[in-house]
Amino acid sequence: MMDLPRYYRIPLHTLHKLGHVFPGMFVRSFEMCSYAVKHGVKDFYGSWQRGLPHYLGMLVMRFLLLGELVLFWMQGDLNAWLIQFCLTLWISTFMIVASHDFEEEESTADLSQGQDWATFQIKNSYDLTMIGNKYVDCFLSAGLSPHRVHHVLPFQRSGFANIASEAIVRDEAEKMGIEWLQPKNFFGDRLPIMAKHYLFSPSRLAKENNLNVLAEHVNPQALRTSVQYMIKGVIGIGSI
């Protein structure tokens with residue numbers, strides 16, 4: 001998304017994700033299923049018995065999302081569907097990057113200098129809070145709110161397990177002299193900073209070539225990138 005000119009970013013990224021709803025997700029699903037048939041699922045799930053529920057669930061979810069769109073359209077409420085789609089899309093997009101400091105140009109930790117791996121993870125990720133209750137926040141953030149523990153113990157498959165482990169990780173961090181900062185509020189602390197960076201900062205092309213705002217938006221390479229970005233949505237690139 002950061003390759004797009006800044007004022008094209010919101011509409012084009014939204015169109016990119018609308019392309020995922022139809023037909024992008026189905027193109028991607030067919031691709032994944034064809035890989036499973038061609039190469040087997042041993043490296044993915046170990047066996048078809050374990051892998052089949054994942055593939056069936058993937059297809060069912062696709063049809064549910066598309067069915068919701070069709071239902072709203074048939075009831076004459078397509079605008080309501082578009083509004084909830086855009087709100088969900090952008091909140092989810094910011095939620096994914098909110099627990100990291102991707103927008104900061106200089107990192108607070110550097111593995112190249114021999115820094116401990118876990119120290120690096122804790123210093124370069126944030127815990128989040130939405131309403132202040134850890135368990136509700138975990139649910140609302142799809143398990144992303146206890147993010148420091150997730151980075152230190154990445155093989156735990158549950159956000160609630162990360163909450164249960166937090167006291168142990170925090171105590172060990174304190175023994176190493178690592179400050180355990182308070183969680184950042186998603187709406188008050190992180191969202192304004194991320195909106196400024198991801199929505200209104202110059203594109204990578206503009207930064208690299210020192211382009212002004214007008215040149216950034218009419219540059220032939222930028223226009224080509226914009227068209228390609230929309231096409232990628234339709235053919236499912238970036239769709240999980």
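This is a predicted model: local features need pLDDT of at least 70, side-chain atom pairs count only at pLDDT 80 or more; totals for chains, interfaces and linings use all residues.
Colleague: Fine. What does the chain come to under that rule?

Modeller: The count is 11 helices and 2 strands, in the order α-α-α-α-β-α-α-α-β-α-α-α-α along the sequence. The C-alpha atoms fill a box of roughly 55 × 55 × 40 Å along the principal axes.

Colleague: Where does Ile235 sit, then?

Modeller: Ile235 is in the segment after helix H11 (220-234).

Colleague: And why is Ile235 called partly exposed?

Modeller: Buried means under 20% relative accessible area, exposed means over 50%, and partly exposed is in between, using a 1.4 Å probe and protein chains only. Ile235 has 42%, which falls in between, so the label is partly exposed.

Colleague: What does Ile235 touch, apart from its neighbours within four places in sequence?

Modeller: Gly24 and Val27 are its contacts there, where contact means heavy atoms within 4.5 Å. Its C-alpha is also 45 Å from that of Ile178, a residue 57 places away along the chain.

Colleague: What about His217: how do you know whether it is buried or exposed?

Modeller: His217 has a relative accessible area of 7%, which is under the limit for buried, so buried it is. This histidine lies in helix H10 (residues 213-218). Leaving out neighbours within four places, it contacts Pro5, Arg6, Tyr7, Tyr8 and Leu223.

Colleague: How much of the chain is buried overall?

Modeller: Buried residues make up 37% of the 240 residues. As for contacts between residues at least 6 apart in sequence, 66% join residues at least 24 apart.

Colleague: On to the rings. How many aromatic pairs turn up?

Modeller: A search of the whole structure gives 8. Rings of Phe, Tyr and Trp (its six-membered ring) pair if their centres lie within 6.5 Å; planes under 30 degrees apart are stacked, over 60 edge-to-face, and the rest tilted.

Colleague: What makes Tyr45 and Tyr55 a pair, and of which kind?

Modeller: Their centres are 5.8 Å apart, within the pairing limit, and their planes are at 80°, which is over the edge-to-face limit, so this is an edge-to-face pair. Tyr45 is in the loop between helix H1 (9-39) and helix H2 (48-74), and Tyr55 is in helix H2, 10 residues apart.

Colleague: Why do those two get their accessibility labels?

Modeller: Tyr45 is at 26%, in between the two limits, and therefore partly exposed.

Colleague: How do you know what kind of pair Phe186 and Phe187 form?

Modeller: With centres 5.0 Å apart and planes at 80°, the rings meet the pairing rule and pass the edge-to-face limit, so the pair is edge-to-face. Phe186 has a relative accessible area of 1%, so it is buried, whereas Phe187 at 46% counts as partly exposed.

Colleague: Which residues do ring pairs link into a cluster?

Modeller: Phe22, Phe26 and Phe63. Phe22 has another feature: the peptide bond from Phe22 to Pro23 is cis, with omega near 5°. Pro23 is found in helix H1.

Colleague: What lies over the face of Trp180?

Modeller: Arg148 does, at 4.1 Å from the ring centre. The rule asks for NZ of Lys or CZ of Arg within 6 Å of the ring centre and within 35 degrees of the ring normal.

Notes
Residues are numbered from 1 along each chain as its sequence is written. Side-chain values use heavy atoms; hydrogens and water are left out. Helices (H or I, at least four residues) and strands (E, at least two) are DSSP runs, numbered from the N terminus.
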